[in-house]
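User: I have a model open and want to go through a few parts of it. Can we start with the helices?
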Amino acid sequence: MDSVSNPYTPNAGASPETIAGRDEQRDAFTALLKRLARGKTNQSLIITGLRGVGKTVLLNEFREIAEAERWEVLEIEASKHDDTRFRQNLAGLLKAAVLRLSPRARWTDRARRAASVITAFAVAVDHQGTWSLSWDVEAAEGAADHGDLAMDLTDVLVAVGEFAREQQRGVAILVDEVQFLTSPQLEALIQAIHKTVQRKLPVTFVGAGLPQIAELAGDAKSYAERLFQFPKIDSLREADARKALVEPALAEGVSYEDDAVRLALQITRGYPYFIQELGSQVWAISEGSPILRRDVEAAREAYEAKLDSSFFRVRLDRATPLQTAYMRAMAELGPEAQKAADVARVMGRESTQLGPTRAELINMGLLYTPEHGYAAFTVPDFDKFMLRAVPKLVVPDVEKRRKKSR
Ligand SMILES: Nc1ncnc2c1ncn2[C@@H]1O[C@H](COP(=O)(O)OP(=O)(O)OP(=O)(O)O)[C@@H](O)[C@H]1O
Ligand SMILES: [Mg+2]
């Protein structure tokens, strides 16, 4: 069928025609904002899930919900920036939020206070003054200038929160890829939100990221578990997966034969990204409504080739030979989480020798640790891809590599 009318969205963060199966998370977010707006406390949310399950799409939904509730939204995609960049980025976003909350001509004392604390927060980055927020607001004294990210962020969110409350508005900080925040950054956000919750201010931090975040947050601050819920999103249940596949086509006046849907759900196992990619390939091949089982069969090869050459391949291309061997050895053991010692055994090495490699892969967001001593792929079906892409396990000499890099 016509590619112009293709209703599927197989791209990272692209909002699908139908957002299936995420009502619970949307309701939780709406309730969070409503409670905070009334001066009540509520656990905030950090959504966790594997690659391609729809975390970014859900955060975009949250942005729309927040805007409809007249909250100011600050969006951040964490990317291992140093703390200076992080601070500058936040200061710029907070400045814009304050200006949107109220134009300068109508600033109250609280507005001026929030603005001057933001300036102090930004100035504390760089005492040479080579970076500025470029607004002519003097820095507050004794606030957000401790030179400690957590203390400074706390001051700034309290000041902005008090101003927002005065305006009967709120401020939501949405952070994607939370696992790429440095630990001081994550710790600072948690500590600052701890304070705004105590003060019952309409400020929140909602995040999304890979499954190890709950653990990272717990390591950052022991009270993180009381401040946040960590809802996990995953592949869609059958009825939702069906909706995700069928509804976009229906909106274009195209239906599916039941058998075609069954096969598509079997192939994609309900993973949102896989559904979009298969739907898109089926659309390209099919000749019209209804879409038949044989259309799905015919599209399958193109679908798998597309996943291999993009979704999976980009992850493998970033890996060194030793990292590749590690993932290949894991794949050999199967799709479940694997013990470090078992992976080392398959590679004919000691697990202590491979500790750094495993840590690098976790750091790159390719693996996560569902429980102590275990690692699993963050990408669904990555084990099967590794077996296809690297038919034979080749383990580079760990010792030699070390000598070389000396
Ligand atoms: N609830 C949903 N129903 C149908 N399709 C969805 C849903 N959520 C996401 N998608 C589709 O799935 C794909 C992946 O979504 P998204 O980029 O939000 O995932 P992600 O979890 O952020 O992945 P990553 O960890 O790689 O950033 C996109 O093509 C999107 O259109
Ligand atoms: Mg994402």
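User: How many of the 14 residues of helix 11 are buried?
Analyst: This is a predicted model. In it, 12 of the 14 residues of helix 11 are buried, so the helix is largely enclosed by the rest of the structure. Among them are Tyr273, Phe274, Glu277 and Trp283.

User: What covers the buried residues of helix 11?
Analyst: The cover includes helix 9 (238–251), helix 10 (258–268) and helix 12 (293–317).

User: And what should helix 11 span?
Analyst: At 1.5 Å a residue, helix 11 (residues 272–285) should span 20 Å, and its end C-alpha atoms are 20 Å apart, which agrees.

User: Where does Pro290 lie?
Analyst: Pro290 is in the loop between helix 11 and helix 12. A cis peptide bond joins Ser289 to Pro290, with omega about -5°.

User: Different topic. What order do the strands have in the open sheet of three?
Analyst: The order is 6-8-7, and the pairing is antiparallel. Strand 6 (338–339) and strand 7 (367–368) are at the edges with a single partner strand each, so one side of each has no neighbour in the sheet.

User: How many bridges between strand 7 and strand 8?
Analyst: Two bridges. Tyr368 is opposite Ala376 in strand 8.

User: Which helix lies across strand 6, strand 7 and strand 8?
Analyst: Helix 13 (residues 321–333), which runs at about 95° to strand 8.

User: Back to loops. What is the phi of Ala144?
Analyst: Positive, about 50°, although Ala144 is not a glycine. Ala144 lies in the loop between helix 4 (109–123) and helix 5 (149–166).

User: Is Ala144 buried or exposed?
Analyst: Buried, because its relative accessibility is 0%.

Technical notes: Residues numbered from 1 in each chain as written. Chains lettered and ligands numbered in written order. Predicted model: local features only at pLDDT ≥ 70, side-chain atom pairs only at ≥ 80, totals over all residues. Heavy atoms only, no water. Helix = DSSP H or I, 4+ residues; strand = E, 2+ residues; numbered from the N terminus. Expected span 1.5 Å × (residues − 1). Buried < 20%, exposed > 50% of the residue type's maximum accessible area, 1.4 Å probe, protein only. Contact = heavy atoms within 4.5 Å. Pairing = 2+ DSSP bridges. Axes fitted to C-alpha atoms, helices over the stretch in contact; angles between N-to-C directions.
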